[in-house]
Amino acid sequence: MNSFNDFQLPKFLQKAIDELGITNPTPIQEKAFSPILSGRDVMGIAQTGTGKTLAYLLPILKQYQFSKSDNPSVLIVVPTRELVVQVAEVVKNLTAYMSVRTAGIYGGVNINTQKLTIGNGVDIVVGTPGRLMDLALDGVLRLDEVKKLVIDEFDEMLNLGFRFQITSILSMMKDKRQNILFSATMTDEVDDMLNDYFDLPEEITLAPSGTPLENIEQFKYSVPNFNTKMNLLIHLLAQDLTDARLLIFVNDKRNADLLHEKIEELYPEQFGVIHSNKSQNYRLNTLKDFQEGNIKGIITTDIMARGLDISNVSHVINFEIADVPEKYMHRIGRTGRAEQSGVAFSFVSPKEEEFFLDVEVLMEKQVDTIPLPENIEISEKLLDFEKIKTKVKLLLKTTKIAENSAFHEKKDKNKKVNLGGPGKRNPKKTKPTNRGRLKNKKS
């Protein structure tokens, strides 16, 4: 299949595709089109950056029929607010010449505004699990007319703890519907959900779970601590990444802010920072600035590792290594998209070696190690959070030693029998009290 013309799309849908400047379908779009069009349940295993959004939207929109109802017939569930905005935008672009009302629903904004939007009637809803469930429980969003359910980034949804919300949403729907699920990895939890709630879905696999995209070069640096990682990053930004467009991943919000503060001193207003504590408007504006080339890069947590279609990311830097190997795959999948090449660097401390080994086992591939540049200052200073981990390990070790010595014979000074205080050893005679009797008499 060489072009979207082979899909035999309706003229109004083909016109929208042409205006988007998209000519050739990706492998997952080719593989998923006919199975989804058949109406049976589908489970797609495909890495991020492979074009999954169009893979499910095109067959759904080809079959779409106008409905007089004000309740949605298509529901698309995604894990993050940013992904809601992105997918809803794609739906609106594809339906530019169709009579389709689309709404994007997510938390962190005024729910009353969203209630008003839903109340005015909607055909396709894109939303996060929590806000969708809130609106459904309030009776504003009716799901009993949904004919097509799409759950994108299914594994990430479960990783984020949305299983209860997803099962609640499923319970509000009629059984007669088509389920379309996409996931980058096939975990046991995903498999359990498929067995419990879906009707023998046809599996479409683009690449084995954990297989890296072939056009991403991967390299590893062995770095002793956070401050030395900082020195290495500054060196790379000044020498090798002067023209790069990059995403820098850390493991938590605190370290994202810390790293951004240090980078901001050297590169004022050239880097943004995104994590869950940042407001929705701030996050969207930062993404927009990056897309438009107004900033060089973004420092972020795994909130940006999934689903988002961020164009022209040349490099991904794993400043810290996640403790779940699949997260590594999602992070590096931000580059090397749409058949472009990309590079992923990982800064691995001794404490993270085990995590990175899990990554290599998952990929069945050993990542090349690059020696640190000779002029990099190796810092011996540990930050507070690095010291805390050391203290915890020392405490656990001390506790273990104490437990092993728990049955040793007591020292002589600890063998004394406790006879109590002086009052116990030399009890004095006391007069009986009448307090209780007097109290009873008064009552």
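This is a predicted model: local features need pLDDT of at least 70, side-chain atom pairs count only at pLDDT 80 or more; totals for chains, interfaces and linings use all residues.
View 1. Let's start with E6, which covers residues 178-183 and is mostly covered, with six of its six residues buried. On one side chain direction you'll find Gln178, Ile180 and Phe182, while Asn179, Leu181 and Ser183 point the other way, and all are buried. Strand E1 (residues 42-45) runs parallel to E6 and is joined to it by four bridges.

**View 2. Helix H12 has a buried face.** H12 takes in residues 280-291, so to speak a run of 12 residues, and spans 17 Å from its first C-alpha to its last, close to the 16 Å expected at 1.5 Å a residue. Which of its residues are buried? They are Gln280, Arg283, Thr286, Leu287 and Phe290. Looking down the axis of H12, these buried residues fall within an arc of 135°, so they line one face of the helix. The spacing makes sense in general terms, because an α-helix has 3.6 residues a turn and residues three or four places apart point the same way. And what covers the buried residues of H12? The cover includes helix H4 (81-94) along with strands E9 (246-249), E10 (271-274) and E11 (297-300). After H12 comes glycine 293, with a positive phi near 80°.

**View 3. Leucine 200 sits out in a loop.** This residue belongs to the loop between helix H9 (188-197) and strand E7 (202-205). Is leucine 200 buried or exposed? Exposed, with a relative accessible area of 70%; the cut-off for that word is over 50%. Now find methionine 43: its C-alpha is 9.3 Å from that of leucine 200, although the two are 157 residues apart along the chain.

**View 4. Helices H2 and H3 pack together.** H2 (residues 27-37) and H3 (residues 52-63) meet at an angle of about 35°, and their axes are 8 Å apart. Their crossing is right-handed. From H2, the contact is made by Ile28, Gln29, Ala32, Phe33, Ile36 and Leu37. On the H3 side, the residues making the contact include Leu54, Ala55, Tyr56, Leu58 and Pro59.

Conventions
Residues are numbered from 1 along each chain as its sequence is written. Side-chain values use heavy atoms; hydrogens and water are left out. Buried means under 20% relative accessible area, exposed over 50%, partly exposed in between (1.4 Å probe, protein chains only). Helices (H or I, at least four residues) and strands (E, at least two) are DSSP runs, numbered from the N terminus. Two strands pair if DSSP finds at least two bridges between them. The expected span of a helix is 1.5 Å times one less than its number of residues. The arc is that of the directions from the helix axis to the C-beta atoms. Contact means heavy atoms within 4.5 Å. Axes are lines fitted to C-alpha atoms, for helices over the stretch in contact, and angles run from 0 to 180 degrees between N-to-C directions. A crossing is left-handed if the near helix is turned anticlockwise from the far one by less than a right angle, and right-handed if clockwise.
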